[in-house]
Amino acid sequence: MMKRKMVNFKVNGELHEVLVESNALLVNVLREELGLTGTKYSCGTGQCGSCTVLVNGKPALSCLMLAVAVDGADIVTIEGLAKPDGSLEPVQEAFLDHSAIQCGFCTPGMVIMGRDLLNKNSNPSESEIQEHIKGTLCRCTGYTSIVRAIKSCGK
Amino acid sequence: MSDAQKKEKSFQSGHKIIGKPLARHDAWDKVFGKTVYADDYFLPGMLYGKVLRSEYAAANILSIDTSEAEKLPGVKAVMTAKDVPNNETITRFGQTHSVGGFEGLYRILAYKKVRFRGEAVALVAAETEVIAQKALKLIKVDYKPLLGVFNPIEAKKPGAYKVGESESNVICSYKVRKDDVEKGFALSDVIVENTYRVPAQDHAYIEPESGVAWIDDDGVITIRVSTQVIEHFREVAEVLGLPHNRVRVIGTMIGGGFGGKEDITVESYLALLTWKTKRPVKLTYTREESILAHGKRHPYFMKYRTGATNDGKLMALEAELISDAGGYVYLSPWVLLYSTVGATGPYDIPYVKVDSYTVLTNNTFSSAMRGFGVPQVCFAYESQMDELALRLNLSPLEVRKKNYLKKGKAMATGRVLDRYVAFPETAEKALAALGEQSKPKSPAEKIGRGIASGMTSYGRMVFLHDTSRSYVGLDMDGSVTVRCGVQDLGGGQSSSLAQIAAEVLGVPMKDIKVYIADTALTPLAGTTTATRQLYMSGNATLKAAKEIKKNLLNKAADILEVKPESLDLQDKKVVVKEAPDQTIPLTDVIATCASDGIPLYNVAQFNAPFRELIDFKTGQGQVFPDFTFGTHAAEISVDVETGKVKVLKLVACLDVGKAINPLSVEGQLEGGTIQGLGYALMEDVVLKKGVTLTPSLSEYLIPTSLDVVDIDKVMLESGDGLGPFGAKGVGEPSVTSIAPAVVNAVCDALGIRIFDLPLTPEKIVKALKKS
């Protein structure tokens with residue numbers, strides 16, 4: 001039996017105490033223990049960016065991160081991005097307006113990366129956006145509508 | 001502002017909802033992360049399934065010992081071919097109409113012989129994924145490796161290693177004959193002859209194959225799965241030896257498909273494991289497994305010989321096409337037929353000879369991928385057109401303009417095009433949209449531009465007698481329910497049905513609820529493949545909604561004592577067209593209809609045109625309902641030192657008939673263009689003796705955000721499509737002609753043509769050195 005450990009972290013503003021196996025991945029704990037299936041598991045090896053969440057304000061690939069390594073961290077997933085009243089935050093709204101969503105499977109990771117960029121740079125250029133989301137793969141949109149959506153949030 | 005939004009500003013048609021750039025009804029859940037995809041579903045007591053896959057591409061299975069795996073605590077089932085009630089199934093074509101001649105055998109689990117590396121050999125279900133994985137390692141398979149054959153040209157030769165059990169590896173061949181092609185070459189002043197090669201392409205959808213199955217309260221095997229074809233429920237029932245109606249398939253929102261979720265993926269495995277264990281089972285492929293286990297876009301060898309007169313008129317085309325089907329038949333015969341009919345492209349050529357073959361090898365099997373055999377031949381015939389232009393000293397546009405098919409003209413297969421043909425219009429507009437040519441930024445940089453045109457069918461082959469059904473119902477408060485068995489790939493398949501119902505019944509989009517993809521509860525609508533759903537299910541929904549509208553207007557006409565023709569439905573009211581202030585609330589008319597027993601629902605069936613099989617000796621006849629015509633244009637730069645191609649401008653110009661939702665159409669044009677750009681420049685499933693050397697997304701490269709530029713979408717709306725409101729299909733046509741446009745641009749920049757995709761820097765540097 002794998003060694004288990006109690007970890008405490010905040011997810012989307014809520015404190016959680018979870019007993020996890022020492023090799024449990026953050027993506028699986030979020031999806032299976034906390035029911036936050038908005039975070040996607042696709043390649044499992046950090047190649048596609050579908051599992052991206054914010055850990056202490058920085059984007060992180062939750063399929064490469066052990067749950068025990070985020071003890072005490074503050075995590076934001078796609079489910080925690082909307083405003084407290086449940087309304088869309090600007091990147092989400094821009095994705096709707098620009099139809100930057102097709103199958104939607106990369107959308108959580110893309111929206112998180114867009115938010116992260118805008119947190120650091122309030123008015124990113126097209127090439128800065130392309131550079132920032134280069135590790136997040138999308139097979140439906142060809143990225144162009146996603147870049148337009150993120151750009152429209154710039155001030 | 002997007003092009004669609006600009007267009008909206010000048011929107012003048014009488015439609016309220018059709019033609020509007022709307023966020024799709026499913027987009028909200030997706031952007032909140034609430035959509036429950038196949039792998040997001042959990043059931044109490046759920047087991048985890050895993051598949052043991054062949055390590056060899058060609059081998060005999062001497063024995064399989066599962067005893068150690070069965071003993072592992074937590075393992076609930078281990079199954080091999082002998083445990084499957086009907087392990088051999090026949091690939092059938094057409095849900096409604098059987099077409100003989102091209103049945104392909106495939107097996108649920110390998111029996112005696114494996115035919116490609118990654119073929120499923122055994123199944124496991126266990127309490128956890130980790131235990132299931134461990135159990136796979138405990139299954140002992142004794143293989144006797146065989147020689148195998150990995151090149152379709154070798155496999156086609158008499159005496160070649162036999163991939164399957166039949167006498168020949170050649171699955172089928174087709175011919176097109178139009179007059180005597182040698183006469184055509186005798187009349188030609190210039191003849192170009194080249195051989196082209198295209199690689200296997202992986203769909204690389206971001207969501208790997210996945211599903212959950214359980215047995216419901218009534219004993220029905222229920223499978224909730226990411227699929228483009230819920231109607232595989234029949235094949236699953238036959239595997240288990242059950243009546244068709246004892247298997248129910250519920251399609252989830254699909255995390256990308258592109259044809260890769262058209263064949264059965266996890267369904268049969270899930271059904272077997274849940275049947276054996278009587279517990280819910282989940283099975284999700286890893287990325288590596290996905291690349292090993294699903295069919296690819298067919299690799300082709302294509303020999304082309306094209307002749308023209310000195311003034312640029314095409315006289316003759318001869319083509320030989322050989323496709324690599326891989327280990328099993330799957331959809332190879334049909335993909336080949338699309339290539340064969342499409343081999344001459346959108347050109348009027350008096351003398352034609354096409355011979356085509358699809359051949360089994362021990363490579364990963366090939367099957368459907370967006371474009372279905374058409375992008376391959378488009379790469380070849382559009383490269384040929386530019387080679388001819390060069391020889392004749394004509395521009396690529398000029399030579400094409402002398403030869404484009406027009407309305408009223410016949411294709412090489414004798415099919416007369418009876419609707420608007422958007423040539424040379426799409427080519428002229430695509431080229432014009434490139435604007436001024438860019439200047440090189442360094443001496444090593446060469447700039448080039450290219451165009452390529454294509455015609456791609458939408459709707460299934462007419463001898464399959466395709467049908468679709470849709471239910472539309474009104475509730476007492478004026479809200480509308482649509483039930484339709486479409487699978488939603490993320491292309492807006494279900495949202496467009498909501499738009500159609502909203503338009504006809506004069507209610508806002510928020511009042512429409514669409515239920516999709518459930519073989520038990522939604523009328524069956526056929527596959528989400530062949531660019532057919534808007535055409536087929538759009539028309540079925542339109543027909544059903546119009547029937548209800550007729551009932552409502554007849555009743556309102558009685559109340560108002562006017563003729564029904566003088567009335568319309570708008571904003572949840574019945575309005576008198578000539579006196580728009582004279583209205584009755586929709587809910588009042590609904591209440592009266594309900595009380596009088598007048599139906600407020602309708603289930604409609606739409607039938608595509610039905611035709612008989614073509615003449616296979618000559619290829620003459622009709623294969624497709626209609627085509628979408630288009631042209632891609634590209635401007636690129638090549639670094640002659642590194643061989644790196646950089647895309648500067650891309651244009652996609654297609655006649656879409658009518659854009660039901662312009663944002664969705666733009667999305668298809670952008671996504672298809674970039675998928676085709678990947679095909680042109682980087683995507684290549686590399687196999688060595690059947691072993692995939694590109695098993696993950698770090699070896700199999702697809703375009704990232706850094707590889708793309710904003711695409712100029714020039715959407716033409718002829719209104720002459722067979723779909724609702726004159727729409728055509730765009731899902732597949734959007735990918736057809738981009739690769740040859742890029743290749744022609746590279747040739748324009750360097751004066752060197754490369755005959756095999758993808759155009760990697762290595763190939764370009766090698767070609768430059770050679771010249």
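Modeller: What follows is a walk through a predicted model, chain by chain and then feature by feature.

Biologist: Start with chain B. How many helices and strands does it have?
Modeller: Chain B has 19 helices and 30 strands.

Biologist: What share of chain B counts as buried?
Modeller: 59% of the 771 residues. On contacts, take pairs in chain B at least 6 apart in sequence: 80% of those contacts join residues at least 24 apart.

Biologist: Where are the domain bounds in chain B?
Modeller: The assignment puts domain 1 at 38-146 + 209-284, domain 2 at 300-461 + 613-770, and domain 3 at 467-607.

Biologist: How many residues make the contact between domains 1 and 3 of chain B?
Modeller: 18 residues of domain 1 of chain B contact 16 residues of domain 3 of chain B. Strand E13 (residues 247-251) of chain B gives the most on the domain 1 side, with 4 residues. That side has 7 nonpolar, 8 polar and 3 charged residues. The centres of these two domains are 39 Å apart over C-alpha atoms.

Biologist: Switch to the hairpin. How many residues lie between E22(B) and E23(B)?
Modeller: 2 residues. The strands run antiparallel, and 4 bridges join E22(B) to strand E23 (residues 573-576) of chain B. Gln570(B) stands opposite Lys573(B) in E23(B).

Biologist: Which residues of E22 in chain B are on the covered face?
Modeller: Leu567(B) and Leu569(B). Asp568(B) and Gln570(B) make up the uncovered face of strand E22 (residues 567-570). In a regular strand, side chains alternate between the two faces of the sheet.

Biologist: What about phi in that turn?
Modeller: Asp571(B) in the turn has a positive phi of about 50°. Lys572(B), in the loop between E22 and E23 of chain B, has a positive phi of about 60° and is not a glycine. Lys572(B) is partly exposed, with 18 other C-beta atoms within 10 Å. As background, most residues other than glycine have a negative phi.

Biologist: Where does Asn393(B) sit?
Modeller: In the loop between helix H11 (374-392) and H12 of chain B. Phi of Asn393(B) is positive, near 60°.

Biologist: Now peptide bonds. What is omega between Phe423(B) and Pro424(B)?
Modeller: About 0°, a cis bond. Pro424(B) is in the loop between helix H12 (396-401) and helix H13 (425-433) of chain B. Another cis bond joins Leu757(B) and Pro758(B), with omega about -10°. Pro758(B) lies in the loop between helix H18 (738-750) and helix H19 (761-770) of chain B.

Biologist: Over to chain A. How is it divided?
Modeller: Into domain 1 (4-80) and domain 2 (90-152). The centres of these domains of chain A are 21 Å apart over C-alpha atoms. 12 residues of domain 1 of chain A contact 11 residues of domain 2 of chain A. Strand E3 (residues 52-55) of chain A gives the most on the domain 1 side, with 3 residues.

Biologist: Last one. How many residues of chain A are in contact with chain B?
Modeller: 44 residues of chain A, against 45 residues of chain B. Helix H2 (90-97), helix H3 (107-120), helix H4 (126-132) and helix H5 (144-152) of chain A each supply at least two residues to the chain A side. That side divides into 20 nonpolar, 18 polar and 6 charged residues.

Methods:
Residues numbered from 1 in each chain as written. Chains lettered and ligands numbered in written order. Predicted model: local features only at pLDDT ≥ 70, side-chain atom pairs only at ≥ 80, totals over all residues. Domains from an automatic or database assignment. Contact = placed C-beta atoms within 7 Å. Nonpolar A, V, L, I, M, F, W, Y, C, P; charged D, E, K, R; others polar. Buried ≥ 20, exposed ≤ 12 C-beta atoms within 10 Å, placed from the backbone. Pairing = 2+ DSSP bridges.
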